[in-house]
Amino acid sequence: MLFKIIRLWFKWRKDWDSLCNQCGKCCYSRCVTKDGFVYIYKNDPCEYLDVNTHKCRIYNERFKKCKHCGRVNIFTALFNKTMPEDCAYVKTFRLWDKRLASEEDDEN
């Protein structure tokens with residue numbers, strides 16, 4: 001499994017942002033319940049998120065202008081418990097979580 005994760009990282013690392021499914025869920029306040037459920041506060045989006053399009057209005061400058069914006073990287077995708085299960089980064093890299101397994105994983 002480790003080698004598959006490394007292979008996937010090499011596949012996506014140069015075009016990392018294109019993996020994003022643009023759900024916008026990482027742009028809301030989130031917490032994890034005791035049973036591991038990620039609760040997303042839909043009434044608390046980032047001030048720069050267009051809630052209709054799910055796109056950041058300052059995308060190219062988001063890390064400079066927004067102190068709450070965190071870069072999603074391989075470690076975030078693998079281990080950050082506040083990332084939603086349907087996040088494309090999470091679904092791609094958390095191969096050990098059978099709930100997230102895609103049909104593509106079954107073919108490989």
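Me: Why is R62 called buried?
Reply: R62 has a relative accessible area of 13%. Buried means under 20% relative accessible area, exposed over 50%, and partly exposed in between (1.4 Å probe, protein chains only). R62 therefore counts as buried.

Me: What kind of model is this, and how are residues numbered?
Reply: This is a predicted model, where local features need pLDDT of at least 70, side-chain atom pairs count only at pLDDT 80 or more, and totals for chains, interfaces and linings use all residues. Residues are numbered from 1 along each chain as its sequence is written, and side-chain values use heavy atoms, with hydrogens and water left out.

Me: What makes R62 and D17 a salt bridge?
Reply: The closest N and O atoms of R62 and D17 are 3.9 Å apart. A salt bridge needs a side-chain nitrogen of Lys or Arg within 4 Å of a carboxyl oxygen of Asp or Glu. The pair therefore qualifies as a salt bridge.

Me: Which parts does the R62 and D17 pair tie together?
Reply: R62 lies in helix α2 (residues 62–65), and D17 in the loop between α1 and β1 (28–32). The pair thus ties together parts that are 45 residues apart in sequence. Helices (H or I, at least four residues) and strands (E, at least two) are DSSP runs, numbered from the N terminus.

Me: Why does D17 count as partly exposed?
Reply: Its relative accessibility is 39%.

Me: How many salt bridges does a search of the whole structure find?
Reply: It finds three. One of them joins the side chains of E61 and K65 (3.4 Å, N to O).

Me: Why is the W9 and F10 pair called edge-to-face?
Reply: The ring centres of W9 and F10 are 5.1 Å apart and the planes stand at 75°. Rings of Phe, Tyr and Trp (its six-membered ring) pair if their centres lie within 6.5 Å; planes under 30 degrees apart count as stacked, over 60 as edge-to-face and the rest as tilted. W9 and F10 are therefore edge-to-face. The Y39 and Y41 rings are edge-to-face too, with centres 4.8 Å apart and planes at 80°.

Me: What links W16, Y89 and F93?
Reply: Ring pairs link W16, Y89 and F93 into a cluster. These residues also touch the most other members of the largest nonpolar core, which has 15 residues. Such a core is a set of buried Ala, Val, Leu, Ile, Met, Phe, Trp, Tyr and Cys residues joined through side-chain atoms within 4.5 Å. Helix α4 gives the most to this core, with four residues.

Me: How do you know that the buried residues of α1 share a side?
Reply: The buried residues of α1 are K4, I5 and L8. They cover an arc of only 100° around the axis, which puts them on the same side of α1. The arc is that of the directions from the helix axis to the C-beta atoms. The face turned away from the buried side carries the exposed residues L2, F3 and R7.
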